[in-house]
Amino acid sequence: MSVSGTWRPIGIVAGWQTAASLCYYSVFAATPFIREAFGLSRALVGVLMTVLTLGYTLNLFPSGAAVDGFGEKPVMVGGLVALGAATAGVVAAPSYPVLLLAAFALGAAYAGSMPATNRAIVGAVADARRNLAMGIKQVGVTLGSAAASVVVTGIAAVAAWRAGFLLIAAVALVGTGAFALAYAGTGGTGRLERPDLGGLRANRAYLGLVSAGLFLGAALFTTVGYVVLYLTEAVGTTVGLAGIALAGAQVTGSAGRVVAGSLADRLSLPGSAARAPLAVLVGQTALAAALYAALALSTPPAPVAVALFLALGATILGLTGVYYSCLSALVDADDLGAATAGGQTALNAGALLAPPAFGWIADHLGYRASWGLLAAAALASIGLLLGVRRRV
């Protein structure tokens, strides 16, 4: 395939990922409005994010099996339709319990995104460009999240916050048709089978990587979920500025994913395709740990706080591209859907417990102690990643 022929599917897949993430991350951007509308504590806001992540997590292995069996295109088309419908469902929730159900459905609809898009990249891109391509694809996550921040907080400033969700749902449904026409996709085995978890469990390097993903996910998703609340409550910014800061962190996260992927391709460490992305992943995580420690030591003024979150965007939000590049190098291509489901399950598992814990600590001990928790999580992941390095 020519270089120009390679970039076209990458662009289409990245566009799909942007639309999907626009739906999923709309809830994170709306936390101040949801808290006010339903009268929630910080901990109950964390429970909402946990339920959203739980829906995502429980549907990962079924989605990965569907991708391996039938290819990525059917999963991506059906998933985007479901995402649009679930986003609209958030608007209709009359009470907190119903809101939790809508959030669970939204998470479940998003579950096919990583297995499907990772398979699409591996099928379309040569090894020499795969780290960069994976980073560009992952930009769709941060770009969609940034767009959600701008849309939800921007529309809330002039109208009801629920109007932003309706606009996002409409974008998803229109995008489904455009994607279905533009993307060809790759085939699967033609049958739906249980993932070969035994083979994955025997892969010690893979197990070490997904174990690190548990702590990386705790830090990543909690950071995204509490940026707006922290800046408005602890630092004293306006909701508008906090929304811009979250969007800015997603933009620097996008840049971080592309730069990290390009750096991993250039390093090309001998002996294993996983070594270069793994080295970059360790470096990004170490920088993130230092930034969390800075937030734990003091509550900075608004300009410094915003700068710290922009830097966290480039590090903790910008590492998923090399995380998945490393994962794809550790497993066979035919098992990539299930392996991605395992990797994303690990990321999500950290996010299931960390946001409520972060909120509970903030309620009782203050935000500085909460950021200390995430610094510890980042350090724990570094120890596990160094163990993977010894095996590849």
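Axes here are lines fitted to C-alpha atoms, for helices over the stretch in contact, and angles run from 0 to 180 degrees between N-to-C directions. The model is predicted.

**Exercise 1. How are helices H14 and H15 oriented to each other, and which residues make the contact?**

Step 1. Locate the helices. H14 covers residues 275-297 and H15 covers residues 302-315.

Step 2. Take the geometry. The two pack at an angle of about 155 degrees, and their axes are 9 Å apart.

Step 3. Apply the cut-off. Angles over 145 degrees count as roughly antiparallel. H14 and H15 are therefore roughly antiparallel to each other.

Step 4. The crossing of H14 past H15 is left-handed.

Step 5. List the contact. H14 supplies Gln284, Leu287, Ala288, Leu291, Tyr292, Ala294 and Leu295. H15 supplies Leu308, Phe309, Ala311, Leu312, Ala314 and Thr315.

**Exercise 2. H14 also packs with H13. What is the angle, and what is the hand of the crossing?**

Step 1. H13 spans residues 239-267. H13 and H14 pack at about 135 degrees, with axes 8 Å apart.

Step 2. Angles of 65 to 115 degrees count as roughly perpendicular, and those over 145 as roughly antiparallel.

Step 3. H13 passes H14 in a right-handed crossing.

Step 4. On the H13 side, the contact uses Gly256, Ala260, Leu263, Ala264 and Leu267. On the H14 side, it uses Ala276, Pro277, Val280 and Gln284. Gln284 also belongs to the H14 contact with H15.

**Exercise 3. Which residues of H12 meet H15, and at what angle do the axes cross?**

Step 1. H12 runs over residues 204-235. The axes of H12 and H15 come within 11 Å and cross at roughly 175 degrees.

Step 2. That angle makes H12 roughly antiparallel to H15.

Step 3. Thr223, Val227, Tyr230, Leu231 and Val235 of H12 meet Ala302, Ala305, Phe309 and Leu312 of H15. Phe309 and Leu312 also take part in the H15 contact with H14.

**Exercise 4. Does the span of H17 agree or disagree with its number of residues, and where does the helix bend?**

Step 1. H17 has 29 residues, 336-364.

Step 2. At 1.5 Å a residue, H17 should span 42 Å. The end C-alpha atoms are 42 Å apart, so the span agrees.

Step 3. Find the bend. H17 bends by about 30 degrees at Ala354. A proline, Pro355, follows within four residues.

Step 4. Check burial. Of the 29 residues, 23 are buried, so H17 is largely enclosed by the rest of the structure.

Step 5. Look past the end. Gly366 follows H17 and has a positive phi, near 105 degrees.

Step 6. Pick one residue. Gly342 lies in H17. Its relative accessible area is 14%. Buried means under 20%, so Gly342 is buried. Gly342 touches Phe61, Tyr206 and Val210, leaving aside residues up to four places away in sequence.

**Exercise 5. How many residues of H5 are buried, and what covers them?**

Step 1. H5 holds eleven residues, 60-70, and eight of these are buried.

Step 2. Name them: Leu60, Ser63, Gly64, Ala65, Ala66, Val67, Asp68 and Gly69.

Step 3. The cover includes H4 (42-58), H6 (72-92), H8 (113-124) and H17.

Step 4. Gly71 follows H5, and its phi is positive, near 90 degrees.

**Exercise 6. Sort Thr285, Ser145 and Ser211: buried or partly exposed?**

Step 1. Thr285 lies in H14. Its relative accessible area is 0%, so Thr285 is buried. Not counting residues up to four places away in sequence, Thr285 touches Leu216, Leu319, Ala378, Ser381, Ile382 and Leu385.

Step 2. Ser145 is in H9, residues 130-158. Its relative accessible area is 1%, so Ser145 is buried. With residues up to four places away left out, Ser145 touches Ser21, Tyr25, Val224 and Gln250.

Step 3. Ser211 is in H12. At a relative accessible area of 33%, Ser211 is partly exposed. Ser211 and Val388 are 177 residues apart in sequence and 10.0 Å apart in space, C-alpha to C-alpha.

Methods. Residues are numbered from 1 along each chain as its sequence is written. This is a predicted model: local features need pLDDT of at least 70, side-chain atom pairs count only at pLDDT 80 or more; totals for chains, interfaces and linings use all residues. Side-chain values use heavy atoms; hydrogens and water are left out. The expected span of a helix is 1.5 Å times one less than its number of residues. The bend at a residue is the angle between axes fitted to the seven residues ending there and the seven starting there. Buried means under 20% relative accessible area, exposed over 50%, partly exposed in between (1.4 Å probe, protein chains only). Contact means heavy atoms within 4.5 Å. Angles under 35 degrees count as roughly parallel, over 145 as roughly antiparallel, 65 to 115 as roughly perpendicular and the rest as oblique. A crossing is left-handed if the near helix is turned anticlockwise from the far one by less than a right angle, and right-handed if clockwise.
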